[in-house]
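Here is a short briefing for a first look at this structure. Keep the model in view while reading.

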Amino acid sequence: MKQGRWMLLCLLGVCLSGWTAPAVRLAGDVWPPYTDSRLPGDGLAISLVRTALERAGYRVDYEEMPWPRAVLSLERGQIDGLSDWHGGQRSHMALHSTPYLYNHLRWIARAEDPIKVSDLTGKRVALVRGYVYTAVPEALASMDRVYVNSFASALRMLEAGRVDLALEDSRTARFHMAHDPALSAEAFRLLPGSFSRNGLSLVIRQSHPQAAQIIADFEREIAEMQVDGTFDRLIEHYDAALPEERLVAEPTS
């Protein structure tokens, strides 16, 4: 009997040693602190997605690339998914999870500028080329839009007075203010309220044979992470490295 148990355990050990977790190939662009290979865990969004999928029994292989290339790679089946999809074109080609994280686009002005959210008509705003600004037709119609290649460029233009405003997610704006040696966080202020609230979702290409299962497993684990505290701990870890928002009251006249 003991010999039989020993043989069974040996056979199980052989089976387990030969098992490898199924890989999910994800891609994203440089968008700190959400996605950035220079950050611990490749950024907040990647850390949340990787933790959830690994808890569900998958291995995550993440590659950083420009966003247009990432979307094209998904369409061609060269990768399995995108970690931080926030709407826009070609959304028909993949299955979307429910949003697991939200970003808040905020107006950013120079600290000394008496700009009000209620009076932006004619103001010059720097927008990042290729971003999906869901409310652009309505909210920006009366503004002079200047397109730049990166948010860092937008902040530099703003500090130099070449534009009146920039528009970016609050976390991303604070990250750049804290980490760009050419900028001073004290030179800017975030205007009250949000321009828009955008949900970030995991998407898996529809042609993947386990697409629906991966999405279901991811949503289950994210929900459990929110219950057991893992979700909040990861967010707090990344937010701790960001400066506090500079709260400057809007001018009254």
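Helix H7 covers residues 211-228; at 1.5 Å a residue, its 18 residues should span 26 Å, and its end C-alpha atoms are 26 Å apart, which agrees. The model is predicted.

- The buried residues of H7 are Ala-211, Ile-214, Ile-215, Asp-217, Phe-218, Glu-221, Ile-222 and Met-225.
- These residues cover an arc of only 165 degrees around the axis, which puts them on the same side of H7.
- An α-helix has 3.6 residues a turn, so residues three or four places apart point the same way.
- Ala-212 and Val-227 are exposed on the other side of H7.

**Salt bridges**

- Side chains of opposite charge can pair when their charged atoms come close.
- The whole structure holds 16 salt bridges.
- One of them joins the side chains of Arg-55 and Asp-228, at 3.0 Å from N to O. This pair links distant parts of the chain: Arg-55 is in helix H2, Asp-228 is in helix H7, and they are 173 residues apart.
- Arg-55 is partly exposed, with a relative accessible area of 34%. Asp-228 is partly exposed too, at 37%.
- Arg-205 pairs with Asp-80, their closest N and O atoms being 3.0 Å apart. Arg-205 lies in strand E10, and Asp-80 in the loop between helix H3 (67-75) and strand E3 (81-85), so the pair ties together parts that are 125 residues apart in sequence.
- Both Arg-205 and Asp-80 are buried.
- Salt bridges that share partners join Arg-55, Asp-217, Arg-220, Glu-221, Glu-224 and Asp-228 into one network.
- Asp-61 and Arg-59 form another salt bridge, with closest N and O atoms 3.1 Å apart. Asp-61 is partly exposed, at 31% relative accessibility. Arg-59 is partly exposed, at 37%.

- Asp-29 sits in the loop between E1 and H2.
- Asp-29 is buried yet has no salt bridge. The nearest side chain of opposite charge, Arg-38, is 11 Å away.
- Beyond its neighbours within four places in sequence, Asp-29 is in contact with Thr-35, Tyr-62, Glu-64, Met-65, Pro-66, Trp-67 and Asp-84.

Definitions and conventions
Residues are numbered from 1 along each chain as its sequence is written. This is a predicted model: local features need pLDDT of at least 70, side-chain atom pairs count only at pLDDT 80 or more; totals for chains, interfaces and linings use all residues. Side-chain values use heavy atoms; hydrogens and water are left out. Helices (H or I, at least four residues) and strands (E, at least two) are DSSP runs, numbered from the N terminus. The expected span of a helix is 1.5 Å times one less than its number of residues. Buried means under 20% relative accessible area, exposed over 50%, partly exposed in between (1.4 Å probe, protein chains only). The arc is that of the directions from the helix axis to the C-beta atoms. Lys and Arg count as positive and Asp and Glu as negative; His and the chain ends are not counted. A salt bridge is a side-chain nitrogen of Lys or Arg within 4 Å of a carboxyl oxygen of Asp or Glu. Contact means heavy atoms within 4.5 Å.
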